[in-house]
Amino acid sequence: MPTRIIASIAVVTLTLLSGSNSPCLADNTAWSIDEVVRIAVAGHPLVSQVDAEILAAGARKGQAESAYYPSVGIATGYTRYRSFNPVSHGSSTVNSEYLQGTMSLTITDFGRTGAAVDRADALLSSVKETGKSIRADVEFAAKAGYYNVLRAQRVLDVSRETARQRESLLRQAQAYYGAGIRARIDVARAEANLFQARAELTAAENDLQVARITLLNRMGIEGPRDFQLKDTLANETYPGTLQEWIKEAEAGRPELRAFLERERAAEMALRAARAGYRPILTGTGGYGYAADEFPLQENFNVTVQLSFPVFSGFITRQQVAEAQAQLSAARFAVTDYRRLVRLQVEQAALAVRSSREQSDARRKEREASGENLRLATGRYEVGAGDIIEMIDAQVQMSRSDTQYIDTLYGYSVSVAALQRAIGK
């Protein structure tokens, strides 16, 4: 028997429709998984979108900080006013010109601005953590797409080898039938078996094309269509124990840190709402020139005002109640997501262990199927076995090969899922 093509290979060379050349392929190299992830993070629209959202959140923080600075303005104008005097039955005209600069500053609002700035800062941090989460999702999707292309290529190699074997079996059956050694039914069964293999080969070719297009989409690029990949299927490991992974996830998951920042933002919103019970001390000043006629006369004004809220229709009390409820909701969300993180890590760890054990079992099944096919082939060639035994052995071998590849793919994806659950 020829060596099975699905044995470990160094590089998978994949070819689809011709496309544009890429700098990554200029020296005839293949993309590694790290290069695929780098391209995905650098060019995916979701990453660019979250970067823009981070800029917007930073601008909102700047808007909140603007309350720390004075407001300065300058104004100039001309007024002509005519009035009628009913006593003297006469009219008078007044002209007025002015040029004046003003400045106003909130000296202290007893915590309102500080709480607003801290809330905006917490929301900015939350958006940044969300950005890290989006990047992690893009990375995971790119990894899954990368492994799926490798899986599809290996399945295609199995389908090609299966079709080649069944073509060989058909020629052998036809030769036996022509020599009068076998019945016509052997030829009919071999033909049906070959057509089934060709149909499966066509499906495998289509699956590979879809997998390649999907990978490009997850990388956020449109080409090149003739890219190559380095085959690293089932070569991944992630050291550590379950408790270490859970501890690492609770410290490193960006989604959890985003929830914690939202909790801090809710605390600052409550602090700002409670500051509504306190007074506001403001100062305003103006300096300029004004007069009814030239030359203009110098004038200025300075005002310091302390305003204290006495009654505002209970709006402050309701704002405080709303902020307290939102803070409670944020704390419950943190508790719930912390539990979800633990669940996801445990599920991913179990999936890694299960897929590793399944791959070991499938590998042994594949070895046994290969031995069964070798024996069935030998029996058929010497006339001791029939065509049904031979076809069953080929089907079993093809199925074992495909299932073994699926378990390798499942292991690689489960390791990537574990890394995603931990926050790596």
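Q: Leaving aside neighbours within four places in sequence, which residues is Gln394 in contact with?
A: Bear in mind that this is a predicted model. Once the neighbours within four places in sequence are set aside, Gln394 is in contact with Gln165, Arg166, Leu169, Asn193 and Leu373. Gln394 itself has its place in helix H8.

Q: Is Gln394 buried or exposed?
A: The label rests on relative accessible area, with buried meaning under 20%. Gln394 has a relative accessibility of 3%, and therefore counts as buried.

Q: How do H1 and H3 pack, and what does the angle tell me?
A: The axes of H1 and H3 lie 9 Å apart, and the angle between these helices is about 135°. Because of that angle, H1 is oblique to H3, and the crossing in which H1 passes H3 is right-handed.

Q: Which residues make the contact between H1 and H3?
A: On the H1 side they are Ile33, Val36, Val37, Ala40 and Val41, while H3 brings Arg135, Val138, Glu139, Ala142, Lys143, Tyr146 and Tyr147.

Q: Which members of the largest nonpolar core touch the most other members?
A: This core has 34 residues, and those touching the most other members are Trp31, Val36, Tyr146, Tyr147, Leu215, Met219 and Leu229. At least two residues of the core are supplied by each of helix H1 (33-43), helix H3 (112-178), helix H4 (184-219) and helix H8 (387-422), and the largest share, 11 residues, comes from H3. Apart from this core lies another, of 16 residues, including Ile246, Val352, Tyr411 and Ile422.

Q: What should I look for in the backbone?
A: Most residues other than glycine have a negative phi, and most peptide bonds are trans. Here, a cis peptide bond joins Gly223 and Pro224, with omega about 10°, and Pro224 has its place in the loop between H4 and strand S4 (229-230).

Q: Where is Ala234 found, and what is its phi?
A: Ala234 is found in the loop between S4 and helix H5 (242-252), and its phi is positive, about 65°, although Ala234 is not a glycine. With 25% relative accessibility, Ala234 counts as partly exposed.

Q: Where is Phe314 found?
A: Phe314 is in the loop between strand S6 (297-307) and helix H7 (315-381). Phe314 has a positive phi of about 65° without being a glycine, and a relative accessible area of 46% makes Phe314 partly exposed.

Notes:
Residues are numbered from 1 along each chain as its sequence is written. This is a predicted model: local features need pLDDT of at least 70, side-chain atom pairs count only at pLDDT 80 or more; totals for chains, interfaces and linings use all residues. Side-chain values use heavy atoms; hydrogens and water are left out. A nonpolar core is a set of buried Ala, Val, Leu, Ile, Met, Phe, Trp, Tyr and Cys residues joined through side-chain atoms within 4.5 Å. Buried means under 20% relative accessible area, exposed over 50%, partly exposed in between (1.4 Å probe, protein chains only). Helices (H or I, at least four residues) and strands (E, at least two) are DSSP runs, numbered from the N terminus. Axes are lines fitted to C-alpha atoms, for helices over the stretch in contact, and angles run from 0 to 180 degrees between N-to-C directions. Angles under 35 degrees count as roughly parallel, over 145 as roughly antiparallel, 65 to 115 as roughly perpendicular and the rest as oblique. A crossing is left-handed if the near helix is turned anticlockwise from the far one by less than a right angle, and right-handed if clockwise. Contact means heavy atoms within 4.5 Å.
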